[in-house]
Amino acid sequence: MGWDEARSRVHAAGLAAALPVAARPLADTDGHTLAAPLTTRTDLPAFPTSSVDGWAVRGAGPWRVVGRVLAGGTPPPLTEDGTTVEIATGAMVPEGATAVLRVEESERTTDDRVTGTPRSTPEWRKPGEEAYAGEELLPAGTPIDPAVIGLAASCGLDTLPVRRAPRAALLVFGDELLTAGPPGAGRVRDALGPSVPAWLRRYGCAVGADDVTGPVVDTLPAHVDALRAALDTADLVCTTGGTMHGPVDHLHPALAALDADYVVNTVAVRPGFPMLVARVTGADGRARFVAGLPGNPQSAIVALVSLVAPLVAGLQGRSLPALPEVTLGEAVPGRGDFTHLALVRVDEVDGTAHPVRHVGSAMLRGLARAAGFAVIRPGTTGEPGARVPLVPLPLLAGERAR
């Protein structure tokens, strides 16, 4: 299957199985996804609000001081021309006021009156200036971050309807893997067991230390048992290795034993070709998913960014992740009829993308220096100066592309 079609197909499968909706207190919504449009309960602001410290005046000056209004108070109306109340920034402008005079542009007379010339532009925020009551401010599917939480609070909301984070699990396949110490004597260190959960968390999944199992013994019964146990609690189970059809590649027979149906089975992309996503229907009728990642570490990450990221977005009710574009600063070869996902770093000064070294399927050194994968379409090559899509690596809040 073509790479673009594979992304779209797994995203659609995720949307069709989008996770249940629950109302959560604002403080507990960071990282979740809006399950309904965000609308405001009142006009924003709900009442006329002074944007400066100064004097709310009525009519022409000089003005006689008749009171003070601070933020949080409700002032009586100004009923007489030539009167004023001292007003603080954020305070409610009294009914009858015709202008707000800035304190730094005013003077007090010897008979305790206020003089000055108000600016022609009103110095207060009008009701509905930011939004009107009932107006949709953000659509369903918007990721919730601190800015969204603050906006929701300003709208008068105490809870938000959200889709919970997908629960994920990882099964590590391969008897040849070591889980501690240096590689040697024909055995290699497992690099995916410690790292894939961290990638999944950055995509918005909930996955803990108890959700990682392996290495799983290289037998079909062990694979079936491990998958069945993980699917009892997880919405998404990622596996590493076993996606081909070698003598100890048991993933495909295990999926058949679980009556799984393939959403995607192999993708025309290099690296990462033998990747898959399968759907398993639980006893409750709800779909769970298995994402088969290749055993080679970089290929596994290609599968994560290609299939798992769109699938998780769908489960959260989010749109298919849009791909930004970068300008190639150096040539990047194509891969014939396959999409080439080429690891690149992005220059922070001029924004150009440059291929990194050490990018073999089994290597992770290049990945540790990269900002993401430049997408070189089938039948093309990446020429210097060309604009190409970039699949960014997921970053924590506040991080920048390297």
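Helix axes are here lines fitted to C-alpha atoms over the stretch in contact, with angles taken between N-to-C directions. In this predicted model, the axis of helix 1, which spans residues 3-16, comes within 7 Å of the axis of helix 6, and the two cross at roughly 30°. Angles under 35 degrees count as roughly parallel, and helix 1 and helix 6 are therefore roughly parallel to each other. The crossing of helix 1 past helix 6 is right-handed. On the side of helix 1 the contact is made by Trp 3, Ala 6, Arg 7, Val 10, His 11, Gly 14 and Leu 15, while helix 6 contributes Ser 306, Leu 307, Pro 310, Leu 311, Ala 313, Gly 314 and Leu 315. Sorted by class, this contact comprises 9 nonpolar, 4 polar and 1 charged residues.

The largest pocket holds about 770 Å³ of space, and among the 31 residues that line it, Arg 202, Tyr 203, Gly 204, Arg 318 and Pro 394 lie nearest its centre. Two or more lining residues come from each of helix 3 (192-202), helix 6 (297-315) and strand 27 (387-392), with helix 6 giving the most, namely 4 residues. The lining of this largest pocket has 21 nonpolar, 4 polar and 6 charged residues.

The second largest pocket has a volume of about 540 Å³ and a lining of 30 residues, of which Glu 176, Gly 241, Pro 294, Gly 295 and Asn 296 lie nearest its centre. Here helix 6 supplies at least two lining residues, as do strand 14 (168-173) and strand 16 (188-189). By class, the lining of the second largest pocket has 13 nonpolar, 11 polar and 6 charged residues.

Methods:
Residues are numbered from 1 along each chain as its sequence is written. This is a predicted model: local features need pLDDT of at least 70, side-chain atom pairs count only at pLDDT 80 or more; totals for chains, interfaces and linings use all residues. Side-chain values use heavy atoms; hydrogens and water are left out. On a 1 Å grid over the protein atoms alone, a cavity is a set of points where a 1.4 Å probe fits but cannot get out, and a pocket is an open set with protein on both sides within 12 Å along at least five of seven lines; lining residues have an atom within 4 Å of a point. Grid points are joined across faces, edges and corners, and a volume is the space filled by probe spheres set on the points. Ala, Val, Leu, Ile, Met, Phe, Trp, Tyr, Cys and Pro count as nonpolar, Asp, Glu, Lys and Arg as charged, and the others, Gly among them, as polar. Axes are lines fitted to C-alpha atoms, for helices over the stretch in contact, and angles run from 0 to 180 degrees between N-to-C directions. Angles under 35 degrees count as roughly parallel, over 145 as roughly antiparallel, 65 to 115 as roughly perpendicular and the rest as oblique. A crossing is left-handed if the near helix is turned anticlockwise from the far one by less than a right angle, and right-handed if clockwise. Contact means heavy atoms within 4.5 Å.
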